[in-house]
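Please keep the sequence and the model at hand while reading.

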Amino acid sequence: MHFVVLVIWGIIFQFYTKIWSFGFLPIFYVILFLLSLLFIFKNKVVRTILAFFLFFFIGIVSVYVNNDQNNKDYYHHFVEQNSKVIFTVKRVLKSGFYHHKYQVEVTQVNGLKTRGEVLLNINKDSLFIPLKVDEQIYLKAVFQEIKLPLNPHQFNYKEYLEKQGIYQQVYLNNSKFIKLKTSIFSLVGLSSKFRNKIQESLQKHHFKPDELAVINALLLGQRQDISKELISDYQRAGAIHILAVSGLHVGVFLLILSFLFKPIERIKYGKFIKVSLIVLLLWVFAFIAGLSASVVRAVTMFTFLALGMTFRRKNRIEFSLITSMFLLLIIKPMFLFDVGFQLSYLAVFGIIWIQPKLDAIYKPRFLVDKKVWQLFTVSIAAQLGVLPLSIFYFQQFPGLFLASNLIIIPCLMYILVGGIISIFLSLFNILPQFLADVYGKVISWMNSFVSWISNQEAFLFKEISISFLMMISWYVLIVFGTRFFINKKPKKLLFFLTSILILQSIFFIEFRQKNDKNEFIIFHKSRHSIIGKRVGEQLFLQHDLDSLNFKDDYSLKSFRIKENIKVIHQIDYKNIIQFSNKNILLIDSLSVYNIKGLGNPIVVLQQSPRINLSRLIKKIKPSQIIADGSNYKSYVKRWKLISEKEKIPFYNTSKSGAFIIKK
């Protein structure tokens with residue numbers, strides 16, 4: 001376990017510091033040097049320290065090796081203006097409002113073989129034929145940087161893509177590329193073709209859109225077609241894990257296979273044959289589900305678990321968990337930053353460490369209540385394992401997660417078996433329509449039940465915000481609390497009480513910091529103007545948004561939740577705001593600025609005022625000019641040129657994001 005932790009530290013250290021930049025060959029020399037020292041020194045303490053350094057360095061190396069930017073044939077080294085490139089489709093992503101999205105590899109730039117992936121956005125068009133995995137297209141590409149979030153605490157899509165190894169994007173019209181007749185071969189592409197064939201065979205049986213979308217998610221690992229409303233229902237009900245082919249599905253599949261192949265153990269070498277078949281079928285399932293990151297993680301974990309179960313290895317669950325995590329992080333270190341990876345392993349850790357203690361509280365006498373109690377304790381343990389992280393990422397806690405899990409999970413085995421049978425029969429065109437109708441009705445019932453659970457607003461705790469440090473403190477409390485309740489010793493009680501004190505201290509420090517905050521913010525929103533003065537837990541806001549739903553506008557919501565804003569006052573600042581000994585002059589479409597005695601104000605241009613900026617600069621001598629998102633782009637471009645000519649700092653929120661002054 002210690003070695004896995006050191007690998008994790010090495011991955012984090014290299015990702016954020018880029019400390020190793022000395023090429024690939026020196027890596028071999030450093031590892032060889034550390035291994036040599038391990039053999040030379042016999043002292044246990046010295047060898048332990050050297051082993052720690054070795055695994056920490058392995059974490060650093062895994063990040064460096066997996067970063068395409070460190071290779072000489074990385075596409076960006078050869079890109080020129082309007083470069084002629086060939087893209088190979090690697091993944092079909094969920095479409096946005098205006099674009100079809102694909103993860104593509106840049107396989108050629110101006111005739112030279114290259115590597116590296118980018119995000120491809122193609123304008124939605126009724127005549128557009130969607131691209132498929134392994135298809136290749138030829139085009140003149142203009143590579144663009146991925147934008148940072150423009151408002152405080154908004155989702156950082158740029159950082160998210162960087163953790164997937166994607167640093168640039170390309171925008172295209174349907175007519176601006178040529179599909180090549182040639183295509184490459186890959187397992188992912190073959191999986192995609194097989195999955196498309198399954199989807200086509202299922203579509204013949206007239207499943208409803210939501211039914212088919214859930215079947216695709218449950219069995220084929222494809223969530224692109226699920227509506228936002230349905231995904232929201234599963235999230236609010238605490239059952240979103242049902243829609244992602246992950247550890248839960250693979251675990252159920254493992255139990256089914258173990259039961260089916262149990263008789264094989266009676267023959268010679270039966271255990272070896274059984275585990276070989278199970279592992280083979282687990283990876284066939286992963287292949288059908290598209291070899292996505294979540295599926296590969298889960299199947300890797302349960303492959304080791306299957307081996308441990310078959311050969312009766314001691315502590316087989318812990319062994320399978322730690323070994324699979326180590327292997328995955330060495331091969332794909334960026335998995336560490338994947339929310340699904342974190343939630344999956346924390347859930348299993350919770351089940352391993354907390355569930356046995358909960359299970360010992362009550363000893364059921366009958367089979368039914370024994371099964372219910374086991375499911376109850378597993379759900380509670382898993383939820384404790386993921387709770388702080390889930391709140392940190394999603395700012396909500398579904399109070400009825402037990403209700404949804406206690407009903408759906410016992411039925412999941414039958415739903416998965418029914419789905420596998422339906423897929424198998426549909427592929428051979430022998431699926432009876434009545435059977436398809438029955439299965440579709442079961443999926444509809446599950447969707448309706450989840451929707452009903454999600455609508456119980458009183459049990460959905462929303463807009464809960466905790467910091468990263470607070471999240472870590474909660475995990476420290478859970479770990480030491482569990483250790484104390486398992487073994488009530490004075491030393492463990494001391495650690496538990498100390499963890500409570502640390503949590504309380506962080507809470508009060510952060511509460512004080514937020515209450516002492518005093519800042520002026522010009523938010524960015526296209527075609528709108530939003531200006532706020534934040535004082536502790538209050539926000540005094542001037543805006544031109546919908547007066548009923550402005551609190552949930554995407555440009556404000558994340559800031560409001562993360563900064564613990566309790567009250568928003570709508571206010572009219574007129575033309576002048578005074579903040580932190582600065583005068584801030586607002587100039588809107590009325591173009592009023594003839595105000596004396598301002599003394600080098602900060603000028604905020606909004607709603608495209610028709611002004612002579614050169615004359616304004618000479619008249620009031622602003623210290624800075626700011627243009628928010630409500631202005632015409634052509635105006636902003638002209639204002640920027642004039643400001644540069646007059647040597648006045650110019651700030652454009654559409655490029656640089658929200659403008660903030662702190663007191």
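Strand S12 and strand S13 (residues 538–543) pair in the antiparallel sense, with six bridges. Strands here are DSSP runs of E with at least two residues, helices are DSSP runs of H or I with at least four residues, and both are numbered from the N terminus. Two strands count as paired if DSSP finds at least two bridges between them. Within this pairing, Ile-531 stands opposite Gln-542 in S13. S12 and S13 form a hairpin with two residues between them, and Gly-536 in the turn has a positive phi of about 60°.

## Basis of the model

The model is predicted: local features need pLDDT of at least 70, side-chain atom pairs count only at pLDDT 80 or more, and totals for chains, interfaces and linings use all residues. Residues are numbered from 1 along each chain as its sequence is written, and side-chain values use heavy atoms, with hydrogens and water left out.

In S12, Lys-533 is the bridge partner of Phe-520, and Gly-532 is that of Ile-521. A hairpin with two residues between the strands is formed by S11 and S12, and Arg-527 in its turn has a positive phi of about 70°.

These strands belong to an open sheet of five strands in the order S14-S13-S12-S11-S20, with mixed pairing. Its edge strands, each pairing on one side only, are S14 (567–570) and S20 (659–662). On average, neighbouring strands of this sheet are turned by 20° against each other, direction ignored. Helix H18 (residues 554–562) packs on the sheet and touches S11, S12, S13 and S14, its direction making about 150° with that of S11. Contact means heavy atoms within 4.5 Å; axes are lines fitted to C-alpha atoms, for helices over the stretch in contact, and angles run from 0 to 180 degrees between N-to-C directions.

The 16 residues of helix H2 (residues 25–40) should span 22 Å at 1.5 Å a residue, and the end C-alpha atoms are 23 Å apart, which agrees. The expected span is 1.5 Å times one less than the number of residues. Ile-27, Leu-34, Leu-37 and Leu-38 are the buried residues of H2. They line one face of the helix, because they fall within an arc of 105° when seen down its axis; the arc is that of the directions from the helix axis to the C-beta atoms. Buried means under 20% relative accessible area, exposed over 50% and partly exposed in between (1.4 Å probe, protein chains only). On the other side of H2, the exposed residues are Leu-25, Phe-28, Phe-33, Phe-39 and Ile-40. Helix H3 (44–66) is included in what covers the buried residues of H2.

In helix H7 (residues 228–236), the buried residues are Leu-230, Ile-231, Asp-233, Tyr-234 and Arg-236. They pack against helix H6 (209–220), strand S9 (396–398), helix H15 (433–454) and strand S10 (460–462).

## Aromatic pairs

A search of the whole structure finds 36 aromatic pairs. Rings of Phe, Tyr and Trp (its six-membered ring) pair if their centres lie within 6.5 Å; planes under 30 degrees apart count as stacked, over 60 as edge-to-face and the rest as tilted. Phe-155 and Tyr-160 form a tilted pair, 5.8 Å centre to centre with 50° between the planes. Phe-520 and Phe-579 form another tilted pair, at 6.2 Å and 40°. Phe-520 lies in S11 and Phe-579 in strand S15 (residues 576–579), so this pair ties together parts 59 residues apart in sequence. Phe-520 is buried at 1% relative accessible area, and Phe-579 is buried at 3%.
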